[in-house]
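Please consider the following briefing on a single protein model.

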Amino acid sequence: MSAASSDRSNIRHVVFFSSKRDEDIERIVDGLSMLKAIPSVRHFEVSRNLNQDGISNEVDVVVYAEFDDEAALSAYRAHPIYEECIKIVRPLRDVRMAADF
């Protein structure tokens, strides 16, 4: 096992969002917070980005979630709450970058 790998068996899902308008950031956080109610989520966090390093401030909101396996992640993405969240958040956000590992 390399130094960069982990013995964790779950899938970690990280998504970064930027808002089109500063005044919509809390609405994005509220909309994304709905996702924690999806049953296949093991752990879920959503927060405003607290990083103010002066170099890169493009990220306004961060989502971090954990899933037991790929089936749980797929169930999350297929859930009606996920679709409802997209309808709320997509018109408010600019950039969305996601990674699963």
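**Aromatic pairs**

Two aromatic pairs are present in the structure; rings of Phe, Tyr and Trp (its six-membered ring) pair if their centres lie within 6.5 Å, with planes under 30 degrees apart counted as stacked, over 60 as edge-to-face and the rest as tilted. One of them joins tyrosine 76 and tyrosine 82 in an edge-to-face arrangement, at 5.3 Å centre to centre and 65° between the planes. The model is predicted: local features need pLDDT of at least 70, side-chain atom pairs count only at pLDDT 80 or more, and totals for chains, interfaces and linings use all residues. Residues are numbered from 1 along each chain as its sequence is written, and side-chain values use heavy atoms, with hydrogens and water left out.

- Ring pairs link Phe67, Tyr76 and Tyr82 into a cluster.
- Tyrosine 76 counts as buried because its relative accessibility is 1%; buried means under 20% relative accessible area, exposed over 50%, and partly exposed in between (1.4 Å probe, protein chains only).
- Tyrosine 82 is likewise buried, with a relative accessible area of 14%.

**Overall architecture**

- The protein has three helices and four strands; these are DSSP runs numbered from the N terminus (helices H or I, at least four residues; strands E, at least two).
- Along the sequence, the elements follow the pattern β-α-β-β-α-α-β.
- Taken along the principal axes, the box filled by the C-alpha atoms is roughly 40 × 35 × 15 Å.
- The protein has 101 residues, of which 38% count as buried.
- Of the contacts between residues at least 6 apart in sequence, 72% join residues at least 24 apart, where contact means heavy atoms within 4.5 Å.
- The accessible surface comes to about 6400 Å², and carbon and sulfur atoms account for 51% of this area (Shrake-Rupley method with a 1.4 Å probe; for residues, only the protein chains shown count as cover).

**Salt bridges**

- The structure holds six salt bridges, each being a side-chain nitrogen of Lys or Arg within 4 Å of a carboxyl oxygen of Asp or Glu.
- Arg21, Glu23, Asp24 and Arg27 belong to a network of salt bridges.
- Within this group, arginine 21 meets glutamate 23 at 3.4 Å, N to O; arginine 21 is partly exposed at 43% relative accessible area, whereas glutamate 23 is exposed at 53%.
- Aspartate 24 and arginine 27 also form a salt bridge, at 3.4 Å, N to O; aspartate 24 is buried at 4% relative accessibility, while arginine 27 is partly exposed at 47%.
- Aspartate 68 forms a salt bridge with arginine 42, with the closest N and O atoms 2.6 Å apart.
- This pair links distant parts of the chain, 26 residues apart: aspartate 68 lies in the loop between strand 3 and helix 2 (70-78), and arginine 42 in the loop between helix 1 (25-33) and strand 2.
- Aspartate 68 is partly exposed at 43% relative accessibility, and arginine 42 is partly exposed at 44%.

**Aspartate 60**

- Aspartate 60 is placed in the loop between strand 2 (43-48) and strand 3 (61-67).
- Aspartate 60 is buried yet lacks a salt bridge, and the nearest side chain of opposite charge, arginine 48, is 6.1 Å away; Lys and Arg count as positive and Asp and Glu as negative, with His and the chain ends not counted.
- A polar atom of the aspartate 60 side chain lies 2.7 Å from the backbone nitrogen of serine 19.
- Leaving aside residues up to four places away in sequence, aspartate 60 touches Phe17, Ser18, Ser19, Ile25, Ser47, Arg48 and Asn49.

Conventions
Polar contact = N/O pair within 3.5 Å; in protein donor to acceptor, adjacent residues only side chain to side chain.
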